[in-house]
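I set out to record what could be looked up in this structure, entry by entry.

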Amino acid sequence: VVTAAHCLAEPGTSASGIRFALGPDANNPSSVLRVKRIAYHPQYDEQQIKNDIGVVILSADAPVAPVPANTSMTSSWVGKSLTFVGYGVTNGSTQTGAGRKRVVSIPISQVGATQFAYQTRGKNTCNGDSGGPAFATDASGNLTVVGVTSYGDASCTSYGVDTRVDAPHRPTPSAPTN
């Protein structure tokens with residue numbers, strides 16, 4: 001399962017302390033799986049929110065079909081609507097409304113080397129949606145995961161940013177020294 005590194009990098013977080021839950025209600029999941037292993041990008045930078053991507057290895061197969069990961073994103077994706085899924089709050093100011101699975105379609109406004117952004121008034125991801133998927137849907141209705149929710153503005157009203165799953169997420173090489 002792909003997720004955000006900041007969901008896994010908290011001090012004291014371990015695979016044994018995480019459960020992967022499925023279903024429409026986070027407080028009453030339809031299925032819960034143990035986690036075998038977690039890993040996040042070795043160059044994850046919480047200060048600059050860079051390389052905010054990680055992986056959760058489940059102890060058993062999830063009772064849902066896997067979704068393939070996107071392999072390439074360019075600036076041609078600007079304007080394309082993606083489907084964002086999360087369990088976060090519905091009000092960024094009061095931090096209320098968390099726990100229900102919600103889905104929203106938002107067009108991409110900007111594509112960067114390792115992230116993409118979206119900013120549509122009245123539609124956004126919010127606190128608690130972190131690590132949740134952003135899906136592209138092809139003409140046949142097939143889903144592809146293209147990003148994971150990383151961050152946005154404090155009130156969840158202006159913009160959001162996802163980490164791209166297709167980006168190499170490598171540090172920029174420094175010049176060789178003699």
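**Entry 1. The hairpin of strands 8 and 9**

I began at the hairpin of strand 8 and strand 9, where five residues lie between the strands and Gly 141 takes a positive phi near 90°. Strands here are DSSP runs of E of at least two residues, and helices are runs of H or I of at least four residues, numbered from the N terminus. I noted that the model is predicted, that local features need pLDDT of at least 70 and side-chain atom pairs pLDDT 80 or more, whereas totals for chains, interfaces and linings use all residues. Residues are numbered from 1 along each chain as its sequence is written, and side-chain values use heavy atoms, with hydrogens and water left out.

Strand 8 (residues 133-137) and strand 9 (residues 143-152) run antiparallel and are joined by five bridges. I took strands as paired if DSSP finds at least two bridges between them. Phe 135 has Val 145 in strand 9 as its bridge partner.

**Entry 2. Strand 10 and its neighbours**

I next followed strand 9 to strand 10 (residues 160-164); the two pair in the antiparallel sense over five bridges. Tyr 151 stands opposite Val 161 of strand 10, and Gly 147 stands opposite Arg 164. Strand 10 also runs antiparallel to strand 7, with four bridges between them; there, Gln 115 stands opposite Thr 163.

Buried means under 20% relative accessible area, exposed over 50%, and partly exposed in between, with a 1.4 Å probe and protein chains only.

**Entry 3. Thr 149**

I then looked up Thr 149, which is found in strand 9. Thr 149 is buried, with a relative accessible area of 3%. Not counting residues up to four places away in sequence, Thr 149 touches a set of residues including Ala 4, His 6, Phe 84, Tyr 118, Asp 129 and Val 161. Contact means heavy atoms within 4.5 Å.

**Entry 4. Cysteines**

How many disulfides does the structure hold? I found one disulfide, where the term means a pair of cysteine sulfur atoms within 2.5 Å. Cys 126 and Cys 156 form the disulfide, with their sulfur atoms 1.9 Å apart. The pair links distant parts of the chain, 30 residues apart: Cys 126 is in the loop between strand 7 (115-118) and strand 8, and Cys 156 is in the loop between strand 9 and strand 10. The torsion about the S-S bond of Cys 126 and Cys 156 is about 75°, so I recorded the disulfide as right-handed. Cys 126 counts as buried at 10% relative accessibility, as does Cys 156 at 13%.

Why is Cys 7 too far for a bond? The closest cysteine sulfur to that of Cys 7 belongs to Cys 126 and is 14 Å away, which is too far. Cys 7 counts as partly exposed, at 30% relative accessibility.

**Entry 5. Nonpolar cores**

I defined a nonpolar core as a set of buried Ala, Val, Leu, Ile, Met, Phe, Trp, Tyr and Cys residues joined through side-chain atoms within 4.5 Å. The largest has eleven residues, among them Met 73, Trp 77, Phe 84, Ile 108, Phe 116 and Val 146. Strand 5 (81-86), strand 6 (102-111), strand 7 and strand 8 each give two or more residues to this core. Another core, of nine residues, lies apart from it and includes Leu 33, Ile 38, Val 56 and Leu 58. In soluble globular proteins, nonpolar side chains tend to be buried together.

Met 73 touches Ile 108, Val 111, Phe 116, Val 146, Arg 164 and Asp 166, not counting residues up to four places away in sequence.

Strand 3 (residues 31-40) and strand 4 (residues 54-58) pair over five bridges in the antiparallel sense. Val 35 has Leu 58 in strand 4 as its bridge partner.

**Entry 6. The whole chain**

Finally, I counted zero helices and ten strands in the chain. Buried residues make up 35% of the 178 residues. Of the contacts with a separation of 6 or more, 59% come from residues 24 or more positions apart.
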